[in-house]
Amino acid sequence: MDSQLVVSRPLFKLTEQQLVLLRQRRSECSSDPIANEYDAFMLYPGMGPAIYITADGRIIWYDYGEWGVGDSLTLKDAIFGVVAGIPETRIESLREVLPRRPNDSTTCKLCDGSGRMQVPMLTKSFICSDCGGLGWQSNSMPLDEVIVNRVVPAPV
Ligand SMILES: [Zn+2]
């Protein structure tokens, strides 16, 4: 399979201050054709497809042919990308772009609200697969909604 980019519709609103921090970090990294072409910032380099956020708040998954992420990525996958990007970028304020917890929400049972899952026998924890790291779920937040806008060939 050829490498491709899966691009979401705009989902997150980045503030000027967050953009300044993201641009600063990007300028310290080596040149990246995806970042350049899409005005995007790497959130997470892999363990799966690399994940970017664009200046206009889209999420891009760079599938270089192995992961087959396809066109069925959901809001939960996008939230996962932002959550994964917080420790990776060390930009703690990115947490503010995540949806706010509504009144009708319930605490995620799988992670007990922590947003992370401990795996027995491993010392590492992982972002919760049920809530994408939010720690809650709500009927007014359609985590399983497909948010793909387009799938295009990767520029690399
Ligand atoms: Zn959870």
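Me: Which residue in E3 is the bridge partner of Ala40?
Reply: Thr54 is the bridge partner of Ala40 in E3. Keep in mind that this is a predicted model.

Me: How many bridges join E2 to E3, and do they run parallel or antiparallel?
Reply: Four bridges join E2 to E3, and the two strands run antiparallel. They form a hairpin with five residues between them. Gly46 sits in that turn and has a positive phi of about 155°.

Me: Where does E3 go from there, which strand does it pair with over four bridges?
Reply: E3, residues 50-54, pairs with E4 in the antiparallel sense over four bridges. One of the contacts to look up is Ile53, whose bridge partner in E4 is Ile59.

Me: OK, and which strand is joined to E4 on from there?
Reply: E1 is joined to E4 (residues 59-63) by four bridges, again antiparallel. Val6 has Trp61 as its bridge partner in E4.

Me: What else does E1 pair with, and over how many bridges?
Reply: E1 also pairs with E9, residues 148-153, over five bridges in the antiparallel sense. Ser8 has Val148 as its bridge partner in E9, and Gln4 stands opposite Pro153.

Me: So what is the strand order of the sheet?
Reply: The order is E2-E3-E4-E1-E9, five strands in an open sheet with antiparallel pairing. E2 (40-44) and E9 are the edge strands, each pairing on one side only. Neighbouring strands are turned by 25° against each other on average, ignoring direction.

Me: Remind me, what do strands of a sheet pair through?
Reply: Backbone hydrogen bonds, in either a parallel or an antiparallel arrangement.

Me: Step back a bit. How many helices and strands does the chain have?
Reply: Three helices and nine strands. From the N terminus on, the elements run β-α-α-β-β-β-α-β-β-β-β-β.

Me: What about overall size, how does the radius of gyration sit against a compact globule?
Reply: The chain has 15 Å, and a compact globule of 156 residues would be near 15 Å, so the two agree. The C-alpha trace spans about 40 × 35 × 35 Å along its principal axes.

Me: What percentage of the residues count as buried?
Reply: 34% of the 156 residues in the chain count as buried. On contacts, take those with a separation of 6 or more: residues 24 or more positions apart account for 62% of them.

Me: Changing topic: what does the domain assignment give?
Reply: Domain 1 is 1-98 + 141-156, and domain 2 is 100-140. The contact takes eight residues from domain 1 and nine residues from domain 2. On the side of domain 1 that touches domain 2, the residues divide into seven nonpolar, no polar and one charged.

Me: How far apart do the C-alpha centres of the two domains lie?
Reply: The centres of domain 1 and domain 2 lie 21 Å apart.

Me: Last one, Pro99. Where does Pro99 lie?
Reply: Pro99 is in the loop between helix H3 (75-89) and strand E5 (106-107). The C-alpha atoms of Pro99 and Ala35 are separated by 24 Å, with the two residues 64 apart along the chain.

Me: Why does Pro99 count as partly exposed?
Reply: Because Pro99 has 16 C-beta neighbours inside 10 Å. Buried takes 20 or more, and exposed takes 12 or fewer.

Methods: Residues are numbered from 1 along each chain as its sequence is written. This is a predicted model: local features need pLDDT of at least 70, side-chain atom pairs count only at pLDDT 80 or more; totals for chains, interfaces and linings use all residues. Two strands pair if DSSP finds at least two bridges between them. The radius of gyration is taken over C-alpha atoms; the globule rule is 2.2 Å times the number of residues to the power 0.38. Two residues are in contact if their C-beta atoms, placed from the backbone, lie within 7 Å. Axes are lines fitted to C-alpha atoms, for helices over the stretch in contact, and angles run from 0 to 180 degrees between N-to-C directions. Domain bounds come from an automatic or database domain assignment. Ala, Val, Leu, Ile, Met, Phe, Trp, Tyr, Cys and Pro count as nonpolar, Asp, Glu, Lys and Arg as charged, and the others, Gly among them, as polar.
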